[in-house]
There are 2 protein chains.
Amino acid sequence: MSPLHPLVARRWSPRGFDAGHRLDDATLAALLEAARWAPSANNSQPWRFLPARRGEHTFDLLAAALADGNRVWAPSAGMLLLVAAQTEDETGRTRPWALYDTGQAAATLVLQAEHLGLAVHQMGGFDTAAVSTALALPPTVRPVTVLAIGRHDPAAPLPDDLAARERAPRTRLPLDALLLPGPWQAPPAAAA
Amino acid sequence: MSPLHPLVARRWSPRGFDAGHRLDDATLAALLEAARWAPSANNSQPWRFLPARRGEHTFDLLAAALADGNRVWAPSAGMLLLVAAQTEDETGRTRPWALYDTGQAAATLVLQAEHLGLAVHQMGGFDTAAVSTALALPPTVRPVTVLAIGRHDPAAPLPDDLAARERAPRTRLPLDALLLPGPWQAPPAAAA
């Protein structure tokens with residue numbers, strides 16, 4: 001079997017972050033630059049970002065909007081990054097791939113982070129309405145996730161239930177469950 | 001500035017593919033394995049795939065569903081991969097991050113492909129209804145993209161307009177256009 005790329009193989013989403021770690025400007029620029037070069041439908045680039053580092057008031061704003069379960073650990077990360085999708089183009093036409101492409105940008109950023117020795121934990125659990133209001137986002141800019149980005153700290157204090165999840169092995173569905181079943185499983189004849 | 005990962009820096013979406021190239025089983029397995037390990041909301045893994053290699057009848061089925069502009073070049077790739085999103089969970093609840101996470105899986109697969117020396121060109125332009133009907137997909141499985149995956153061939157024959165686009169430099173919006181503007185640009189005070 002061809003080798004799985006090490007960045008893909010070792011990436012995971014910890015909750016234990018080093019609360020003393022700060023993201024420098026070069027690192028932030030590299031993360032955003034990686035996302036910027038992701039592919040998108042007709043190069044529409046629907047992804048939008050609000051990076052917020054610890055000590056910036058937008059960091060506190062995003063932290064306050066997190067679901068309780070996330071607010072316990074995520075603010076120990078050096079950065080909270082709001083990822084949003086511009087769901088319409090300049091002419092008001094819906095972008096059907098806005099969320100898909102925004103996910104592509106996020107995944108590209110995550111692998112760049114891994115490359116830089118950083119960990120990322122993405123969160124869907126936050127008050128999107130509160131964020132939209134606080135940031136005066138137009139309705140065509142849809143908050144999708146908040147990414148906690150920082151240096152993994154295996155010794156970071158966590159509540160017992162989260163600490164247990166932190167130690168559990170990564171799991172995925174078997175490949176068979178991801179392949180679309182259907183009529184093509186009995187092809188009429190093998191082609192040359 | 002921290003270095004952009006070479007897989008991110010050099011990735012692009014060509015239209016010129018080597019029509020004689022065939023994807024072996026190990027390569028296909030590695031591509032799907034990379035996608036499988038992408039992150040997703042609550043590890044829901046909403047991505048679904050139908051890989052079709054040249055010579056398989058599903059390849060012809062997907063090729064026939066492509067928009068005219070894509071059908072000119074995409075079937076020269078060794079594989080067409082249908083990427084779909086399971087938009088509801090087993091209990092019928094909507095998965096708000098299904099498209100976003102499916103995009104993450106696709107982007108992870110694309111970087112794995114780049115790692116293996118392959119090129120990927122994603123297409124949103126195809127007849128999703130025809131694909132859903134032909135494959136008897138349930139309404140909760142939404143076809144999102146078809147990926148042409150193969151070996152880039154800079155000498156592959158292309159119509160003049162596409163050949164010109166093939167030679168054009170990659171472009172992206174400036175970073176400023178991707179950062180959310182708003183009230184946080186004038187923070188009340190710089191925090192420590």
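**Note on the A–B interface**

1. Helix H5 (residues 98-115) of chain A and helix H5 (residues 98-115) of chain B have axes that come within 6 Å and cross at roughly 50°. That angle makes H5(A) oblique to H5(B). Oblique covers what is left after under 35 degrees (roughly parallel), over 145 (roughly antiparallel) and 65 to 115 (roughly perpendicular). Axes are lines fitted to C-alpha atoms, for helices over the stretch in contact, with angles from 0 to 180 degrees between N-to-C directions. Helices are DSSP runs (H or I, at least four residues), and strands are too (E, at least two), numbered from the N terminus.

2. This is a predicted model: local features need pLDDT of at least 70, side-chain atom pairs count only at pLDDT 80 or more, and totals for chains, interfaces and linings use all residues. Residues are numbered from 1 along each chain as its sequence is written, and chains are lettered from A and ligands numbered from 1 in the order in which they are written.

3. The crossing of H5(A) and H5(B) is right-handed (the near helix is turned clockwise from the far one by less than a right angle). Residues making the contact include A:Leu99, A:Tyr100 and A:Leu111 of H5(A) and B:Leu99, B:Tyr100 and B:Leu111 of H5(B).

4. Across the whole interface, 64 residues of chain B are in contact with 64 residues of chain A (C-beta atoms, placed from the backbone, within 7 Å). H5(B) gives the largest share of chain B's side, 13 residues.

5. A rotation of 180° with 0.0 Å of shift along its axis superposes chain B on chain A (RMSD 0.0 Å).

Definitions and conventions:
Contact = placed C-beta atoms within 7 Å. Least-squares fit on C-alpha atoms with pLDDT ≥ 70 in both.
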